Amino acid sequence: MTATVPRRGQAPAVFTPTAAVRGTVVVLVGRGEHPGIYTRFGTRLAFDGYTVVVPPAEASDAEIGDALAAGEGARVLLGSDAGALRAWSVAATTRPDALVLAGVPLGEGDVPGDHDAEIAARTACPIHRQVLDADPDFRWGALTGALPEPPQTLPDVPTLVLHGEADPIAPVAAVTARFADVAVVRDGVHDVLNDQFHRIVAARLVTFLEGVAKGAGFVEPAARETTKARKAAPLHVSARLDYALRAIAELIDADTPIRCENVARSREIPLNSLVNIMIQLRKAGLVTSRRGCEGGYLLARDAASITLADVVRATEGAIATVPDGVLWAGLEQSVRQYLEERSVLELRS
C-alpha cells in the first residue's frame, strides 16, 4: 500500500493498494476535517484492495467528479457529516456506482459548547481522540457552521447509510425516519468512520463495496414459520434511564465537580452514552456543569428534593405510556406516585 497525505488545503490524500484494485472510494470530509484525518481509514480500505482518494474540503464539484472518473473499478462516493450532504447532492450529476453516507447531519441535535464536549460528541475512540488533539490543522468549533438543505431523493444507485446510535449532533431518529435502511452502530457517536467501533463499520463498508464491485453477497435464508414464544415484559426500564440513575447516584455525595470520564469508569457506563445523558439532565435542571480542567458535574439541588420521577421525565419524557382507559390510567397514576414519593437519596450506595 502506498499513501500520499498532504497538508490541509493542498492536493487530495491518496491511498493505493499494492495489489489489484477492486474499486475507488472518493471521500468527502466533514466540518473541521481535512484529508489527513482519514489516514487510518484510507489505509484499511487500501489493504482490502480499494484506492481511497480524499479531496480537500475546498475541492470543487468538478474536481470531485474528475476523481471519480479517474478511478479504477467500481467508483464509490462517500461523505461524512457535511461531506455526506455534499456527496448526496453531487451524486446526482457525477453518477457514481454507489453512494455511502456516514453521520448525515439531519434533525436538531446538540452543538457541543467546548473542546471536551466536541471531542466526546465526535468520537469515543481513544486513538482518534489523540489524532484530533495533536492535529494543528483540525478546526475545532466548526460544527456550528451552517449546513445546506439535503436533496429530496437519493440517486438511483446502491446506497449505504451508516450512523451512530448515540450521535448527539445528528439524532439517529431523524436519519432512520428519512432513509428506509440505515446501518446503526450501537453506542456510536458522530464520526462513525473514526469512532470506537471503526473496525465493524469498516467491515460493513467492505461487504457493501464487494457487493458493488463484484456482486458478492449472501443468499437470504427461507423464513421459518415457527412462532417463538414471547417473553412477558410488563415493565421496561431503558438502558438510558438506568445509566442516568447510576450517574445521579455517583453525584449524590460529591462536593466538587466530577468529570464524565470518572463517572463512566466508576459506574460502568459507556462514556459516549453518558455524555448525552448528562446533557439531558442538565437541560432538565437536575445537574450543573463547569468547564475547564477542574470542571465536571454536580447535582443542581439537594438530592432529597430530586425525585426518581424527575430523572425519568428528564431521560424518557414521560412517566409511562399506557393505552386509553380507566384501568390503564390508574396504572400510570400508581407508577407516577411511586416514583414521585422517592428521592434519589435511595440510590446512595
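**View 1. An open sheet of eight strands runs in the order E1-E2-E4-E3-E5-E6-E7-E8, with mixed pairing.** Strand E1 (2–4) and strand E8 (183–185) are the edge strands, each pairing on one side only. Two strands pair if DSSP finds at least two bridges between them. With direction ignored, neighbouring strands of this sheet are turned by 15 degrees against each other on average. The model is predicted: local features need pLDDT of at least 70, side-chain atom pairs count only at pLDDT 80 or more, and totals for chains, interfaces and linings use all residues. Residues are numbered from 1 along each chain as its sequence is written, and side-chain values use heavy atoms, with hydrogens and water left out.

**View 2. Strand E7 (residues 159–164) pairs with E8 in the parallel sense.** The pairing extends over three bridges. Histidine 163 has valine 184, in E8, as its bridge partner. Strands (E, at least two residues) and helices (H or I, at least four) are DSSP runs, numbered from the N terminus.

**View 3. Helix H1 (residues 39–47) lies across strands E2 (13–16), E3 (23–28), E4 (50–54) and E5 (74–80).** H1 runs at about 25 degrees to E2. Angles run from 0 to 180 degrees between N-to-C directions, and axes are lines fitted to C-alpha atoms, for helices over the stretch in contact. Contact means heavy atoms within 4.5 Å.

**View 4. Helix H8 (residues 239–251) packs with helix H9 (residues 260–267) at an angle of about 110 degrees.** Their axes are 10 Å apart. The angle makes H8 roughly perpendicular to H9 (65 to 115 degrees). Arg246, Ala247, Ala249, Glu250 and Leu251 in H8 meet Val263, Ser266 and Arg267 in H9.

Technical notes. Parallel < 35°, antiparallel > 145°, perpendicular 65-115°, else oblique.
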